[in-house]
Amino acid sequence: MSLSYKGFNEQILTFKAFQASKGYPVTINTQGEVTNCNSGSEFAGICTSLRNDLATVQVSGYAELPCSDASPSYGISYLVADGSGGVKAAASGKKACLIVSIDKVNKKIGFIM
């Protein structure tokens, strides 16, 4: 048996997609619409799929994303988008994440939103 955090408290919402990409952190652009985050922006969730002009967005639960810096550590941390589909550590923010997995070789982290 291996460790797994997938499925924990996952919540998915559907939005209109405006320049949203699957697997990217997204922000709410306007009422009912999401777009990819710019570097340094806090994210509302992660786009999990696109179909027609709709995006499903995971707003809670476990997620894994590329991490563009080496500074995140296990435990509670603030994360922001890096502008390239991943995340990076931030000194502060409105919503903290729980980092439970760090893969320095593949430059990915696993966290609970």
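## Basis of the description

Strands, like helices, are taken here as DSSP runs numbered from the N terminus, a strand being E over at least two residues and a helix being H or I over at least four. The model is a predicted one, in which local features need pLDDT of at least 70 and side-chain atom pairs count only at pLDDT 80 or more, while totals for chains, interfaces and linings use all residues. Residues are numbered from 1 along each chain as its sequence is written, and side-chain values use heavy atoms, with hydrogens and water left out.

## The barrel

A barrel is closed by 5 strands in the order E1-E3-E2-E4-E5, with mixed pairing; from one strand to the next the twist averages 55 degrees (axes are lines fitted to C-alpha atoms, and angles run from 0 to 180 degrees between N-to-C directions). Ile28 has Val34 of E3 standing opposite.

## The largest pocket

The largest pocket has a volume of about 200 Å³. A pocket is an open set of points on a 1 Å grid over the protein atoms alone, where a 1.4 Å probe fits and protein lies on both sides within 12 Å along at least five of seven lines, and its lining residues have an atom within 4 Å of a point; the volume is the space filled by probe spheres set on the points, which are joined across faces, edges and corners.

The lining includes Lys6, Glu10, Gly23, Gln58 and Tyr62, and by class it comprises 5 nonpolar, 3 polar and 3 charged residues (Ala, Val, Leu, Ile, Met, Phe, Trp, Tyr, Cys and Pro count as nonpolar, Asp, Glu, Lys and Arg as charged, and the others, Gly among them, as polar). Strands E4 (45–51) and E6 (62–66) each supply at least two of the lining residues, and E6 gives the most, with 4 residues.

## Aromatic pairs

Over the whole structure, a search finds 2 aromatic pairs, that is, rings of Phe, Tyr or Trp (its six-membered ring) with centres within 6.5 Å, counted as stacked with planes under 30 degrees apart, as edge-to-face over 60 and otherwise as tilted. The pair of Tyr5 and Tyr62 is tilted, because the ring centres are 5.4 Å apart and the planes stand at 40 degrees. Since Tyr5 lies in the segment before strand E1 (11–17) and Tyr62 in strand E6, this pair ties together parts that are 57 residues apart in sequence. Tyr5 is partly exposed, with a relative accessible area of 31%, whereas Tyr62 is buried at 6% (buried is under 20%, exposed over 50% and partly exposed in between, with a 1.4 Å probe and protein chains only).

Phe43 and Phe111 form an edge-to-face pair, 6.2 Å centre to centre with 65 degrees between the planes. Phe43 is in the loop between E3 and E4 and Phe111 in strand E10 (residues 108–112), so the pair ties together parts 68 residues apart in sequence; both Phe43 and Phe111 are buried.

## Strand E10 and its partners

E10 is mostly covered, with 4 of its 5 residues buried. E6 pairs with E10 in the antiparallel sense over 5 bridges, and Glu64 stands opposite Gly110 in E10. Strand E9 (residues 96–103) is likewise joined to E10 by 5 bridges and runs antiparallel to E10, with Gly110 as the bridge partner of Ser101. The hairpin of E9 and E10 has 4 residues between the strands, and Lys107 takes a positive phi near 55 degrees there.

Technical notes: Two strands pair if DSSP finds at least two bridges between them.
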